[in-house]
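Visitor: Hi, could you walk me through this one? I'm new to it.

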Amino acid sequence: SFPWDDERPMKALGGPGSEVFRAQSVDSDRSLAVRLWCGTYREEVDAALARVKRASRVSHASLATVEACEPRGNAAMWIVSEYVPGPSLEAWAANGRMLPLPAVIDLVRNICLGLYAAHREGLSHHAIHPGNLLVWRQTRVDGFWLETKLLDLSLAAWMQPEWPSLAHAHFMAPETLASMLDGIDPSDEID
């Protein structure tokens, strides 16, 4: 049984490497993000399910909450998470907007606190870049402030040596790039 109303049509949101849809919750009128993630074999899906279940235990205001997951066939699964309606930080900044330095410091601090919560559960993200940060609140009080949520923690890598994606290598810590042959240190995300 899915936690979203499968009688209502889902709206495609896109997303790299998988299909992402906006759906309505069964028990409320709240929107959810529903991702269809496809692996290549059952063991890969089982490992991903374990990561998603671990990610669902992580709770922090700077992380999009993972709410549920369910296998679909032999090599796929649904991942249900909090829907964040705002644009990505990348799209927000593409319009030439800039934050004042105190707002940038606060934004980075909150992301680091969210990563710390994930690290306590043995998860590391390895894909922190402006496209994975959604702006969910903008405030104007003595300057301009943004609050963002980091997406895709459910697909985050385990804290084990493995090769991260190089699609956004220019956002990686130099220590991560240097340690790719020796394994990845989770603290590379926040150093």
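Visitor: How many helices and strands does the protein have?

Guide: The protein has four helices and nine strands, where helices (H or I, at least four residues) and strands (E, at least two) are DSSP runs, numbered from the N terminus. This is a predicted model, in which local features need pLDDT of at least 70 and side-chain atom pairs count only at pLDDT 80 or more, while totals for chains, interfaces and linings use all residues. Residues are numbered from 1 along each chain as its sequence is written, and side-chain values use heavy atoms, with hydrogens and water left out.

Visitor: And what pattern does the protein follow along the sequence?

Guide: Read along the sequence, the pattern is β-β-β-α-β-β-α-α-β-β-β-β-α.

Visitor: How much of the protein counts as buried?

Guide: Of its 191 residues, 41% count as buried, a term that means under 20% relative accessible area, with exposed being over 50% and partly exposed in between (1.4 Å probe, protein chains only). Strand β3, residues 31-38, is mostly covered, since seven of its eight residues are buried.

Visitor: Which strands does β3 run antiparallel to?

Guide: Strand β2 (residues 19-24) is joined to β3 by six bridges, and the two run antiparallel; A23 has L32 in β3 as its bridge partner. These two strands, β2 and β3, form a hairpin with six residues between them. Seven bridges join β3 to β5, again in the antiparallel sense, and V34 stands opposite V80 in β5. For pairing, DSSP has to find at least two bridges between two strands.

Visitor: OK, and what does β5 form with β4?

Guide: Strand β4 (residues 66-71) and strand β5 (residues 76-82) pair in the antiparallel sense over five bridges, and E70 has W78 in β5 as its bridge partner. The two strands form a hairpin with four residues between them, and G73 in the turn has a positive phi of about 70 degrees.

Visitor: Switching to helices: how far apart are the end C-alpha atoms of α1?

Guide: They are 20 Å apart, which agrees with the span that the 14 residues of helix α1 (residues 42-55) should have at 1.5 Å a residue; the expected span is 1.5 Å times one less than the number of residues.

Visitor: Which residues of α1 are buried?

Guide: The buried residues of α1 are V45, A48, L49, R51, V52 and A55. They cover an arc of only 165 degrees around the axis, which puts them on the same side of α1; the arc is that of the directions from the helix axis to the C-beta atoms. An α-helix has 3.6 residues a turn, so residues three or four places apart point the same way.

Visitor: What about E43, is that one buried or exposed?

Guide: E43, which is found in helix α1, counts as exposed at 55% relative accessibility. Its C-alpha atom is separated by 9.1 Å from that of N74, 31 residues apart along the chain. A50 also lies in helix α1 and is partly exposed, with a relative accessible area of 41%; the C-alpha atoms of A50 and C69, 19 residues apart along the chain, are separated by 9.9 Å.
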